[in-house]
Amino acid sequence: MSIAQAMLAEFEHESQTTRKFLERVPQDKLRWRPHEKSHTTGELALHIATLPAVITRFVLADASPIPNPADIFKQPETVQQILTAHETSGAAVREILPTLDDARLQTNWSALVDGKPVLTVPKTMVLRLFMLNHWIQHRGQLGVHLRLIGAKVPASYGPSGDEG
């Protein structure tokens, strides 16, 4: 199994779980935030929905500027917008990942700030750290939002307080 095939299989598994979390976001709580320094539930959910495609597109190049937070944390108007973004993002991952062979994924990618590299890692690490680990970490944050606003938290790797 190639690196891309393994990443895609893991992505598919995590994507199903992520969809359950996104579906639980209440329409009337999209602008709720747990703290003034936190993103709104809607901003966080939309970021989760779009993150896999953004990161997968990064590895098509050898370097990419780090996006401005205002560009990656946008306020959605509806939960359907979030779910559609999740579907679109997943489709991009499914289209791009199979085109990347192991040799290409072992080359380096650099994150740029003002045109200068601030992080250089193998493209496999970009996919692991940011497309998967970072994505899953944000999903955990969304679970806290869901709990605090009274929505049911779905099970992920085991039962939640709401699902066995």
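Buried means under 20% relative accessible area, exposed means over 50%, and partly exposed lies in between, with a 1.4 Å probe and protein chains only. The model on screen is predicted, so that local features need pLDDT of at least 70 and side-chain atom pairs count only at pLDDT 80 or more, while totals for chains, interfaces and linings use all residues. Residues are numbered from 1 along each chain as its sequence is written, and side-chain values use heavy atoms, with hydrogens and water left out.

**Stop one: the nonpolar core**

Begin by selecting L22, L97, M131, L142 and L146, which touch the most other members of the largest nonpolar core, a set of 39 residues. Such a core is a set of buried Ala, Val, Leu, Ile, Met, Phe, Trp, Tyr and Cys residues joined through side-chain atoms within 4.5 Å. Now colour the elements that give two or more residues to this core, namely helix 1 (3-23), helix 2 (41-58), helix 4 (79-96), strand 2 (108-113) and helix 6 (123-148); of these, helix 2 gives the most, with 8 residues. Helices (H or I, at least four residues) and strands (E, at least two) are DSSP runs, numbered from the N terminus. Centre the view on L22 and, leaving out residues up to four places away in sequence, look for what L22 touches (contact means heavy atoms within 4.5 Å): A45, I48, A49, V79, I82, L83, H86 and L142.

**Stop two: the strands**

Next select strand 1 (63-65) and strand 2, which pair in the parallel sense over 3 bridges; two strands pair if DSSP finds at least two bridges between them. Here P65 has L112 of strand 2 as its bridge partner.

**Stop three: a buried leucine**

Move to L105 in helix 5 (residues 102-105), which is buried because its relative accessible area is 0%. Beyond its neighbours within four places in sequence, L105 is in contact with I3, A4, L100, P122, K123, T124 and L127.

**Stop four: salt bridges**

Side chains of opposite charge can pair when their charged atoms come close. The structure holds 9 salt bridges, each defined as a side-chain nitrogen of Lys or Arg within 4 Å of a carboxyl oxygen of Asp or Glu. Select R128 and E10, whose side chains meet in one of them (2.7 Å, N to O); this pair links distant parts of the chain, with R128 in helix 6 and E10 in helix 1, 118 residues apart. R128 is partly exposed at 28% relative accessible area, and E10 is partly exposed at 27%.

Then show R31 and E77, which also meet in a salt bridge (3.1 Å, N to O), where R31 lies in the loop between helix 1 and helix 2 and E77 in the loop between helix 3 and helix 4, 46 residues apart.

Finally, select D62 and K123, whose side chains meet in a salt bridge (2.8 Å, N to O). Because D62 lies in the loop between helix 2 and strand 1 and K123 in helix 6, the pair ties together parts that are 61 residues apart in sequence. D62 is exposed at 52% relative accessibility, whereas K123 is buried at 2%.
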